[in-house]
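Good morning, colleagues. Please take a moment to look at the structure on the screen, and I shall then guide you through several of its features.

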Amino acid sequence: MAAHCESGTIAALLNHAGLVISEPMVFGVSGGIFFAYLKSKKLSFPMIVPRSRPGQIRVNIAKRLGIDFMCRTFRRPDDGMAALDATLAQGHPAAVQVDMFYMDYFPSYARVHFNAHFVTVIGKENGAYIVSDCYHPAIARVSEEAMRQGRYAGGDLAPKGLLFYPRSVPLSPELKPAILKGIKDACFNMLRIPVPFLGVKGIRYFARKVVDWPKLTDDVDFLSHQIMLISVTLEDRGTGGAGFRFMYATFLQEAAKTLGRADLEKMSKEMMAIGDRWREIALFTARIGKNRDLGPARLSELSAMLAARANEEEDFFKRLYVMVK
Amino acid sequence: MKEKDAYVDYENHQMVMYVEKDDGTYGMMKTGSYMAKNYFDDFLEKQRTWDSQNFNRLVKGEYSPVAYYMAVLQMTPADVASRMRLRTATVRKHMDPRRFGAMTVELARRYAELFGVALADLFHVPEPGHARQAFEKTHNPYVIIMRGGKGEK
């Protein structure tokens, strides 16, 4: 198991290829920490996303560490499945992007249509793929049909048969410049993107919007479910806890050790404390959701907690950026 | 968060968290999910309520089978349309029980695949709380073999 599917899958493949690297380091070097408040006709309700766009972790880690990934999409499902079989036959485990809904080793209540899930395929036996999924405690088997359906689901962020594995990996990459670049990237994304629902602005936007959530539905149970989904998103949907903030704190501690920087060690402790306060929000939303205590006073309280996180993270990333500039 | 404070004893839903170890270093730990352990019952209660409401709308003729499964999976017309490569207006048409019958069997099969059910389950919906009858797919995309036992709920 790993904390997050994309960073966990990539860390596993890189370690298999001989590069000793932790999941937090993969996450941090690729600048994975982020925040977005998203609303769309394709979503049944607004949602929050505490990490960068799916696929960016692989692109950035490859660029910054000089890793050559064999990475392809396949227009025709037959070609995509044949390529996966050929890769496995050559002895390479490979990561594939799938719609999580078709990974039938998850219980039915947990299966939702989500196109940006990554799993590592490690073999094929008797027509079924052997899969290592970061969110599943054991190795799983997926039928060929389900794998095909998962790899070729339609919709936004469609997988299109995406398959990748590392072709060559530097066993002693230049970590120091990569770490600094990853931190600068994260700071830019959190502070400088001029879009109101992204980064720190996105946390503030969320703080403002959440008080109006009761206007989006008459169904108290549905509102309760959406409020509790905040907690699930922060804690349970593969973040390593506190919306990736705990994993980022771990990255900063590793970065401090690699770079010999006591100031980054201090920042890692701050980020862990910020994560603790995000976890308070997660526990708060779970409690008020279960109790159906969703009146204006309670949502204002939640809004204030979120606004405080925005201020805290703005201050944090501004100081972090100065340290690595 | 300290490791001893983060650990939750709950085998049914395991996850990885990053925590502060006793020596002050940060690292991963495997733990049960706090949310699942303490709030799963509430989630199930809500699911039961919605399943019952959605099923009643289906049998009353307010929902077509497409609308029913969309409600079960909380999918919007725009999302379904994008996944099915149809226009949103077409999906809305199929959500209408008066117009559902006009679609082709092949389109119905594609909807069933999207919803993760057999084609037959668009027309043979188990009551909430009752398990689907177990079935086996065949090489014929329109035909399944019903088995005597129970499948998934």
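Before I turn to a helix, a definition is required: a helix here is a DSSP run of H or I with at least four residues, and helices are numbered from the N terminus. Please also bear in mind that this is a predicted model.

With that in place, let us begin with N60(A), which is found in helix α3, residues 56–65 of chain A. Is N60(A) buried or exposed? It is buried, because 20 other C-beta atoms lie within 10 Å, and the cut-off for a buried residue is 20 or more. Leaving aside neighbours within four places in sequence, N60(A) is in contact with S30(A) and G31(A). N60(A) and V29(A) are separated by 31 residues in sequence, yet their C-alpha atoms are 7.6 Å apart in space.

I turn next to a pair of helices. Two packed helices are described by the angle between their axes and the distance between the axes. In chain A, helix α7 (residues 199–209) and helix α11 (residues 296–324) pack at an angle of about 170°, and their axes are 8 Å apart. The two helices, α7(A) and α11(A), are therefore roughly antiparallel to each other. Which residues make the contact? From α7(A) they include V200(A), I203(A) and F206(A), and from α11(A) they include L306(A), A310(A) and E313(A). By class, this contact of α7(A) with α11(A) has 7 nonpolar, 1 polar and 5 charged residues.

Now to the backbone. Most residues other than glycine have a negative phi. L157(A) lies in the loop between α5 (144–151) and β8 (163–168) of chain A and is partly exposed, with 15 other C-beta atoms within 10 Å.

Finally, I come to the two chains together. In chain A, 39 residues are in contact with 34 residues of chain B. On the side of chain A that touches chain B, the elements giving two or more residues are α8 (220–235), α9 (245–259) and α10 (262–290) of chain A. The largest share, 7 residues, comes from α10(A). The residues of that side of chain A divide into 16 nonpolar, 14 polar and 9 charged.

Thank you for your attention.

How values were computed:
Residues numbered from 1 in each chain as written. Chains lettered and ligands numbered in written order. Predicted model: local features only at pLDDT ≥ 70, side-chain atom pairs only at ≥ 80, totals over all residues. Buried ≥ 20, exposed ≤ 12 C-beta atoms within 10 Å, placed from the backbone. Contact = placed C-beta atoms within 7 Å. Nonpolar A, V, L, I, M, F, W, Y, C, P; charged D, E, K, R; others polar. Axes fitted to C-alpha atoms, helices over the stretch in contact; angles between N-to-C directions. Parallel < 35°, antiparallel > 145°, perpendicular 65-115°, else oblique.
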